[in-house]
Amino acid sequence: MSKLTNPLNDRGIVVVAAALVIIGAVTLLNLIGPAGTFWQALGLSINQICTLLVVLATVAAVYVGVALLFSRFSHLNPGRAAVVSGPFLWLFLFFLLPFFIVLKISFAEADVAIPPYTEIYSYAEQKLEIILNLGNYLFLTEDELYLAAYLGSLKMAAISTIVCLLIGYPMAYAMARAKKESQTTLLLLIMMPTWTAILIRVYAWMGILSNNGLLNGFLLDIGLIDTPLQILNTNLAVYIGVVYSYLPFMILPLFANLVKHDNSLLEAASDLGSSNLNNFWKITVPLSKNGIIAGSMLVFIPVVGEFVIPELLGGPETLMIGKVLWQEFFNNRDWPVASALAVVMLAILIVPIILFNRNQAKELEGKA
Amino acid sequence: MKKIGKTLLALSLAGMAFSAAQADDKVLHVYNWSDYIAEDTIAKFTAETGIKVVYDVYDSNEVLEAKLLAGKAGYDVVVPSNSFLAKQIKAGVYQPLDKSKLPNWKNLNPDLMKTLEISDPGNQYAIPYLWGTIGIGYNADKVKAALGDNAPVNSWDLVFKPENIAKLKGCGVSFLDSPTEILPAALHYLGYKSDSQDPKELKEAEALFLKVRPSITYFHSSKYIGDLANGNICVAIGYSGDIYQAKSRAEEAKNGVKVLYNIPKEGAGAFFDTVAIPKDAENPEGALKFINFLLKPDVIAEISNYVSYPNGNAAATELVDEAIRTDPGIYPTPEVMKQLYAFPDLPAKVQRAMTRSWTAIKSGK
């Protein structure tokens with residue numbers, strides 16, 4: 001009892017209790033009142049709220065359990081253990097668990113049923129049978145389509161990352177060199193567009209790039225071209241959309257890195273006769289290596305699996321793994337092959353993810 | 001801490017008991033195709049029955065099916081096409097309709113019901129809603145400018161002859177993004193059965209498409225409506241009603257775009273959308289009331305007027321606006337009817353081969 005309450009100070013208990021009282025009161029009001037409008041406005045039924053509460057309670061119980069176990073083994077006090085084990089629990093719930101579900105389906109067989117795949121284990125007459133169907137993975141090697149799609153996605157991600165870096169680096173550099181007062185404004189300007197939903201921003205690009213769109217209208221008006229340029233529904237449009245959408249993810253880590261640079265290094269180099277260009281290549285770029293890696297990974301990793309932007313802006317020749325996955329799942333009703341594709345994609349992405357993690361760890365060590 | 005836990009437990013148990021007792025039969029979740037109902041149908045239903053409708057839309061059978069097969073989709077009424085219905089019935093997605101609660105069943109067109117038995121033997125699970133054809137929508141002026149007065153706008157020659165479609169490339173050509181609805185047209189054009197499962201014949205259809213592929217602007221199942229209406233594309237192979245919608249949008253915008261629709265003379269695919277109730281529907285009683293409401297001749301006639309699709313209700317035909325009832329693009333003549341073919345339910349292997357062909361066609365790989 002006392003051990004359990006340790007991690008929470010008095011104020012914490014008050015907050016938790018207050019939250020519970022509020023949730024309870026609203027739930028009760030919801031039950032008594034006429035068709036509880038508050039929760040319905042949120043789109044939750046009473047049943048869902050209760051399920052949510054039970055899930056939250058279970059997660060909390062598991063969390064406390066894990067923290068207690070961890071503190072036993074690590075000689076940390078329960079409060080610290082709770083803090084340390086938080087990220088692990090998060091990873092387990094939202095990464096490992098879903099991944100295992102996908103992995104499980106990738107070993108099943110497609111079936112006409114709900115859900116549309118076979119169970120990989122069965123238990124009858126005291127015999128537990130586990131059937132792993134490797135056919136889905138072998139199938140991926142039989143058709144060059146899948147390889148072409150992976151390569152298409154990797155190419156799209158690589159080129160977009162390079163373009164983002166080429167555009168983002170000067171921007172981040174300029175921001176880092178700007179006056180302290182204006183930096184906040186500049187940061188806000190970079191982040192503000194991301195406050196709009198990505199779908200709407202990509203739709204806006206459809207309006208700009210289409211044959212009757214703003215860009216073609218402008219070019220026709222000034223007489224630079226006499227037939228509209230076909231940009232929408234081509235790979236070029238996808239590159240434009242991807243670079244536009246992911247640029248902030250490149251700029252922010254670069255800025256965070258560049259803003260910390262010590263100007264006296266550049267001054268010292270100049271004093272010793274180094275040119276500005278030389279300063280940039282020999283001092284600024286090597287020092288910002290971690291920022292470059294972090295920004296590049298933040299762009300590269302999500303772009304490989306990107307689906308929305310190529311779907312809306314891309315043409316038929318845009319072959320990416322996200323679209324192929326969609327086809328396996330929706331057109332072919334083959335959830336197992338779709339899952340196998342997803343598992344392989346994750347395996348491909350693990351190299352850059354590890355690279356990113358290492359880099360982050362180094363960055364942290366550097367700070368300490 | 002113990003107390004909090006106990007309170008939580010008591011609270012959730014109480015909640016569960018209550019929610020079980022209070023089954024929500026005043027709300028109905030309807031999942032339908034986009035732009036596929038009249039503006040006031042839902043409002044009238046709510047006024048008549050007091051049931052509130054939560055209305056949600058999709059633009060492809062595949063999306064609906066994925067939700068249904070995942071289980072517990074949360075919908076009470078859904079509108080699958082007949083070619084998807086068969087497999088979904090086999091998978092156990094739907095509950096049989098209680099015909100005693102559907103007095104308006106008698107209004108249905110018996111011929112159409114017989115056709116639907118291919119997908120739903122005994123008509124146990126679904127009623128026909130609207131149906132339509134997949135044909136040629138085009139921008140009259142732009143096609144004339146590209147191909148002259150004798151442009152074959154009432155034939156698949158328009159898009160399957162490379163020399164024709166090449167001239168349309170400049171103004172834009174779109175196809176539905178659906179292998180199972182478009183490949184049959186190529187098979188049919190080549191003189192094979194539209195539901196052929198022969199890999200050799202499928203390969204030939206693929207080759208036909210690869211020849212015209214460089215002239216196709218894009219494959220999509222809904223965005224051609226807007227593009228045809230504002231002149232971004234000049235030919236769309238699409239759903240009849242969608243093209244009529246593009247026509248009325250262009251008329252409303254007064255942008256000078258004249259959209260027309262033709263069922264190709266060689267024959268075309270016809271789809272039948274049906275209304276069914278998922279097995280896990282939370283409000284099956286409300287769903288039956290909704291279906292019975294849709295079976296009223298005046299209700300479905302208003303929907304046909306609004307979306308320009310013919311319905312499966314024999315008693316409703318005379319209530320449909322004359323302009324729509326007599327338009328051969330919407331209500332085909334008996335001769336054209338004979339040329340139409342339905343989309344069958346395909347075995348998984350053929351389905352996969354078609355999807356693969358489609359990817360090859362679309363990417364040119």
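What area is buried between domain 1 of chain B and domain 2 of chain B, and what percentage of it do carbon and sulfur atoms give? In this predicted model, local features require pLDDT of at least 70 and side-chain atom pairs pLDDT 80 or more, whereas totals for chains, interfaces and linings use all residues. Residues are numbered from 1 along each chain as its sequence is written, and side-chain values use heavy atoms, without hydrogens and water.

The buried area (the accessible area, 1.4 Å probe, that two parts lose on being put together, summed over both) is about 1200 Å² between the two domains of chain B, with 42% from carbon and sulfur atoms. By an automatic or database domain assignment, domain 1 of chain B comprises 28-130 + 272-331 and domain 2 comprises 133-270 + 344-363. Contact (heavy atoms within 4.5 Å) involves 14 residues from domain 1 and 19 residues from domain 2. The C-alpha centres of these domains are 27 Å apart.

Between the domains, 2 salt bridges are counted, each defined as a side-chain nitrogen of Lys or Arg within 4 Å of a carboxyl oxygen of Asp or Glu. The side chains of B:K87 and B:D345 form a salt bridge with an N to O distance of 3.4 Å. On the side of domain 1 that touches domain 2, helix α4 (residues 82-90) of chain B provides the largest share, 4 residues; helices here are DSSP runs (H or I, at least four residues). That side of domain 1 divides into 6 nonpolar (Ala, Val, Leu, Ile, Met, Phe, Trp, Tyr, Cys and Pro), 3 polar (the others, Gly among them) and 5 charged (Asp, Glu, Lys and Arg) residues.

Note on methods
Chains lettered and ligands numbered in written order. Helix = DSSP H or I, 4+ residues; strand = E, 2+ residues; numbered from the N terminus.
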